[in-house]
Amino acid sequence: EEMLFILKELNLYDCFDSVYGSPMPKKTAIERSINEFSVKNEECLMIGDSQADLEAANANNIKFLLRLHDSNQSMKRVFKGFSVNNFIDYESFFTNK
């Protein structure tokens with residue numbers, strides 16, 4: 001309910017077809033979304049900032065974009081794929097620059 005409240009307050013609620021959160025495991029939420037919306041794994045992208053996010057993406061065989069911040073810099077050693085420090089950097093992910 002807290003996530004829904006935040007999305008509504010930020011006027012982002014209508015940007016999402018579905019919202020999942022705790023206590024549902026991330027792996028399960030991704031799997032459910034893939035099935036519910038009949039999309040292929042290769043059409044999906046998980047944006048996350050933690051090891052648990054990376055593991056959920058890997059478990060569902062989907063792409064992962066790491067959002068770096070001050071408290072997760074150690075993720076750079078674990079994840080060798082694309083990462084951004086802010087979403088202004090997103091273009092490099094989608095254009096492979």
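**Entry 1: a starting question**

Which residue in β2 is the bridge partner of Ile-47? I looked it up, and the partner is Leu-65. A reminder to myself before going on: this is a predicted model.

**Entry 2: the overall layout**

I listed the secondary structure next and found five helices and three strands. Reading from the N terminus, I wrote the order down as α-α-β-α-β-α-β-α. The protein has 97 residues, and 24% of them count as buried. I also looked up the accessible surface, which comes to about 7,200 Å². Carbon and sulfur atoms account for 51% of that surface. Then I turned to contacts between residues at least 6 apart in sequence: 25% of these join residues at least 24 apart.

I took the pairs in turn. β1 and β2 (residues 63-67) run parallel and are joined by four bridges. To get from β1 to β2, the chain passes through helix α3 (residues 51-59), and this β-α-β crossover is right-handed. β2 and β3 also pair in the parallel sense, over two bridges.

**Entry 3: along β1**

I walked along β1, which covers residues 45-48, and noted that its side chains alternate. Met-46 and Gly-48 point to one face and are buried.

Met-46 has Phe-64 as its bridge partner, and Gly-48 stands opposite Leu-66. Leu-66 turned up again on the β3 side, where it stands opposite Ser-83.

**Entry 4: the salt bridge**

How many salt bridges does a search of the whole structure find? I got one. It joins Lys-26 to Asp-53, with the closest N and O atoms 2.4 Å apart. Lys-26 lies in helix α2 (residues 26-36) and Asp-53 in helix α3, so the pair ties together parts that are 27 residues apart in sequence. A note from my reading: side chains of opposite charge can pair when their charged atoms come close.

Are the two partners buried or exposed? Lys-26 is partly exposed, with a relative accessible area of 38%. Asp-53 has 5% relative accessibility, and it counts as buried because that is under 20%.

**Entry 5: Asn-72**

I picked Asn-72 next, which is found in the loop between β2 and α4 (75-78). Is Asn-72 buried or exposed? Its relative accessibility is 4%, so Asn-72 counts as buried.

Which residues does Asn-72 touch, leaving aside its neighbours within four places in sequence? I found contacts with Asp-49, Leu-66 and Arg-67. I also checked Asn-72 against Gln-51: they are 21 residues apart in sequence, and their C-alpha atoms are 9.2 Å apart in space.

**Entry 6: a nonpolar patch**

On the surface I found a nonpolar patch formed by Met-3, Leu-4, Phe-5, Ile-6, Leu-10, Leu-12, Tyr-13, Phe-16 and Val-19. Together these residues have about 780 Å² of accessible area. I looked at one of them, Met-3, which is found in helix α1 (residues 2-9). Met-3 is partly exposed, with a relative accessible area of 40%.

My last look was at the backbone. Most residues other than glycine have a negative phi.

Asn-11 counts as exposed, at 68% relative accessibility.

Notes. Residues are numbered from 1 along each chain as its sequence is written. This is a predicted model: local features need pLDDT of at least 70, side-chain atom pairs count only at pLDDT 80 or more; totals for chains, interfaces and linings use all residues. Side-chain values use heavy atoms; hydrogens and water are left out. Buried means under 20% relative accessible area, exposed over 50%, partly exposed in between (1.4 Å probe, protein chains only). Two strands pair if DSSP finds at least two bridges between them. A crossover is right-handed if, with the strands pointing away from the viewer, the path from the first strand over the helix to the second runs clockwise. Patches are made of residues with over 30% relative accessible area and no salt bridge: like charges are joined within 9 Å, nonpolar side chains (Val, Leu, Ile, Met, Phe, Trp, Tyr) within 5 Å. Accessible areas come from the Shrake-Rupley method with a 1.4 Å probe; for residues, only the protein chains shown count as cover. A salt bridge is a side-chain nitrogen of Lys or Arg within 4 Å of a carboxyl oxygen of Asp or Glu. Contact means heavy atoms within 4.5 Å.
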